[in-house]
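Welcome! Please take a moment to look over the sequence and the 3D structure before reading on.

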Amino acid sequence: MATKHHVTPMLDELENGPWPSFISGFKRLRDDHPDARINGLANGLLGQLEHSYETRKGYWKGGTVSVFGYGGGIIPRFSEVGNAFVESKEFHTVRVQPPASNFYSTDMLRQLGDSWEKHGSGLVTFHGQTGNIMFIGTDTSRIQHFFDEINEYGFDLGGAGPCVRTAMSCIGSARCEMSCFNEQAAHRHLVNNFTDDVHRPALPYKFKFKFSGCPNDCQNAIERADFAVIGTWRDDMRVDQAEFKAAIEKKGRQYIIDNVITRCPTNALALNDDDTIAVDNRNCVRCMHCLNVLPKALGVGEDRGVTILVGGKRTLKIGDLMGTVVVPFMKLRTEEDFEQIVEMAEEIVDFWAENGLEHERTGEMIERIGLVNFLEGIGIDVDPNMVSNPRQSSYIRMDGWDEAAVEWFEKKAEKAAG
Ligand code: SF4
């Protein structure tokens, strides 16, 4: 028997206008999907949403839903008005970890889509802000079956709650010439090592890993990751003068002056009389502007590696925080390099698990206890490169800076020599 459609005048308004509407998508599921269960789910969902718009209240409440052996990964959604919208009275979201850099084959996507239509509503988000594939809308009785099915062909639940969360990595060298390390390998090494901490929430709060192949930071790792791994280089940037001259010929000298040379935040670029470019590499702060505008003429250097920053996060207690550099540069190529980064991450997570307050992110803990204490706790020496904005802060005296740096490096070398 066909279900009676809920009347949705307010939601219908959202279908007006030039953009595709999610309401039209819900209606397609309600009216055109061959499975009556999914028609009902979409109908209930539309009805409850209209009711929310009328009353200006949300009616989803949490609870506890899980799969065997896991403590997280499911966002429970029980309806407070389930009696009126019975078909969708449970509408849980399943968080599933995508492959590193979100590389899928079409077969894989079809498989996931089919499993979700079998056990859920058919509504999926690729991907939520958390980095997970969000399978939205199913009831408690079906979750275990869905999980077993996708787990069988290689997918696992993501993090939810106070735990290590699903990591994110940029697309990397497969499609981007700026890539400075193997983002997928770093992602896999770290996430595989922390699988237990993803599935069984036992930390003060969430902990996120993000991997960006270059300082463009397409994953917003510096702003959003407790442990940000960002690609960089420490030699000179690659310059192809022939390509640079071709760019001048194509765009004109004035265009290059206005859009590249004068846009360098540290005045590290100069245009020579013979239409070649001079780069003062020691003063380049890797803002990436010139490389982005002239990707053929300018490129990342050959001596590539990563910078590691800790403590980035969005709002919560003390406002947004950018990550703080704890490792200015390290190579990330060999198995030993990966072991080293995993060990460092373990030190940091352990230290935070012991010293963080409940509901306190790493960045907030560092603010509370001080960077020096944090570095001492994780066994990393203080380094002048960790000063935030060294060229801009008016509180830092720059006179005598070079001599002080030489002294510091000498001391460090003496210490290392024993
Ligand atoms: Fe200047 Fe940025 Fe180019 Fe470096 S990357 S030379 S800081 S514009």
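Here is a short tour, grouped by topic. This is a predicted model, in which local features need pLDDT of at least 70, side-chain atom pairs count only at pLDDT 80 or more, and totals for chains, interfaces and linings use all residues. Residues are numbered from 1 along each chain as its sequence is written, and side-chain values use heavy atoms, with hydrogens and water left out.

**The nonpolar core**

- In soluble globular proteins, nonpolar side chains tend to be buried together.
- The largest nonpolar core here has 39 residues, and Leu190, Phe209, Phe227, Ile308, Leu332, Ile341 and Phe374 touch the most other members.
- Such a core is a set of buried Ala, Val, Leu, Ile, Met, Phe, Trp, Tyr and Cys residues joined through side-chain atoms within 4.5 Å; buried means under 20% relative accessible area, exposed over 50%, and partly exposed in between, with a 1.4 Å probe and protein chains only.
- Helix 12 gives the most to this core, with nine residues. Helices (H or I, at least four residues) and strands (E, at least two) are DSSP runs, numbered from the N terminus.

**Aromatic rings**

- The structure holds 14 aromatic pairs. Rings of Phe, Tyr and Trp (its six-membered ring) pair if their centres lie within 6.5 Å; planes under 30 degrees apart count as stacked, over 60 as edge-to-face and the rest as tilted.
- The ring centres of Phe22 and Phe26 are 5.5 Å apart and their planes stand at 90°, so this pair is edge-to-face.
- Both Phe22 and Phe26 belong to helix 2 (residues 22-32), about one turn apart.
- Phe22 is partly exposed at 45% relative accessibility, whereas Phe26 is buried at 12%.
- One aromatic cluster is formed by Phe194, Phe207, Phe209, Phe227 and Trp352.

**Backbone details**

- Most residues other than glycine have a negative phi, and most peptide bonds are trans.
- Asn102 has a positive phi, near 60°, and lies in the loop between strand 4 (93-96) and helix 4 (106-119).
- Arg286 also has a positive phi, about 60°; this residue is in the loop between strand 12 (277-279) and helix 11 (289-293) and is buried at 16% relative accessibility.
- The peptide bond joining Phe126 and His127 is cis, with omega about -10°. His127 lies in the loop between strand 5 (123-126) and strand 6 (133-136).

**A contact across the chain**

- His33 and Glu117 are 84 residues apart along the chain, and their C-alpha atoms are separated by 9.7 Å.
- His33 is buried, with a relative accessible area of 15%.
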